[in-house]
Amino acid sequence: LILLAKVKELNPHILTKSGIMLGLGEKEEEVVEVMEDLRAVGCGALTIGQYLAPSRHHHRVMAYITPAQFAQYQRRGRELGFRHVTAGPFVRSSYRAAEALSD
C-alpha cells in the first residue's frame, strides 16, 4: 500500500494496479477491506483470481470461489471506484492488461 500511495504521490496520472488470489481461507469482509485499502491509496485497477495449488507440496486450496461471488467482487470493485476490475477463477495479475489501459 505504501508503494502504491508513493506512486500516486509522485504522479497521480499513473494507473496503479494490484491483484489478489482467493481461496486461501479469507473471509468476504477481508476481501472487501483489502479492496477498500487499495482504493484509499488511489489504486485504479484490480485483478481477482482463484488460487490453484501448483503441486501437492504447496498450500492447499481452502475454497473454490463461485462465479457468482467473483461477479459480486467485480461489482463491488466498480462501486468502490476502481477504473478496471477483472474477477474470475482463471484471472491472473496481467489478465487482459490492455483492457485495463483502454478503460
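Student: Does Glu 36 count as buried, partly exposed or exposed, and at what relative accessibility?

Tutor: This is a predicted model, and in it Glu 36 counts as partly exposed, because its relative accessibility is 36%, between the cut-offs of 20% and 50%.

Student: With which side chain does Glu 36 meet in a salt bridge?

Tutor: A salt bridge joins a side-chain nitrogen of Lys or Arg to a carboxyl oxygen of Asp or Glu. Here the side chains of Glu 36 and Arg 76 meet at 3.4 Å, N to O. Glu 36 lies in helix H2 and Arg 76 in helix H3, so the pair ties together parts that are 40 residues apart in sequence.

Student: Which other residue forms a salt bridge with Arg 76?

Tutor: Arg 76 also pairs with Glu 79, with 3.6 Å between the closest N and O atoms. These two residues are three apart in helix H3, about one helical turn.

Student: How many residues does the largest nonpolar core have?

Tutor: In soluble globular proteins, nonpolar side chains tend to be buried together. The largest nonpolar core here has 17 residues, and Leu 22 is one of those with the most contacts inside it. Helix H2 gives the largest share of this core, four residues.

Student: Where is Tyr 64 placed, and is this residue buried or exposed?

Tutor: Tyr 64 is in the loop between strand E2 and helix H3. Tyr 64 counts as exposed, because its relative accessibility is 61%. Together with Leu 52 and Phe 90, Tyr 64 forms a nonpolar patch on the surface, with about 380 Å² of accessible area.

Note on methods. Residues are numbered from 1 along each chain as its sequence is written. This is a predicted model: local features need pLDDT of at least 70, side-chain atom pairs count only at pLDDT 80 or more; totals for chains, interfaces and linings use all residues. Side-chain values use heavy atoms; hydrogens and water are left out. Patches are made of residues with over 30% relative accessible area and no salt bridge: like charges are joined within 9 Å, nonpolar side chains (Val, Leu, Ile, Met, Phe, Trp, Tyr) within 5 Å. Accessible areas come from the Shrake-Rupley method with a 1.4 Å probe; for residues, only the protein chains shown count as cover. A salt bridge is a side-chain nitrogen of Lys or Arg within 4 Å of a carboxyl oxygen of Asp or Glu. Buried means under 20% relative accessible area, exposed over 50%, partly exposed in between (1.4 Å probe, protein chains only). A nonpolar core is a set of buried Ala, Val, Leu, Ile, Met, Phe, Trp, Tyr and Cys residues joined through side-chain atoms within 4.5 Å.
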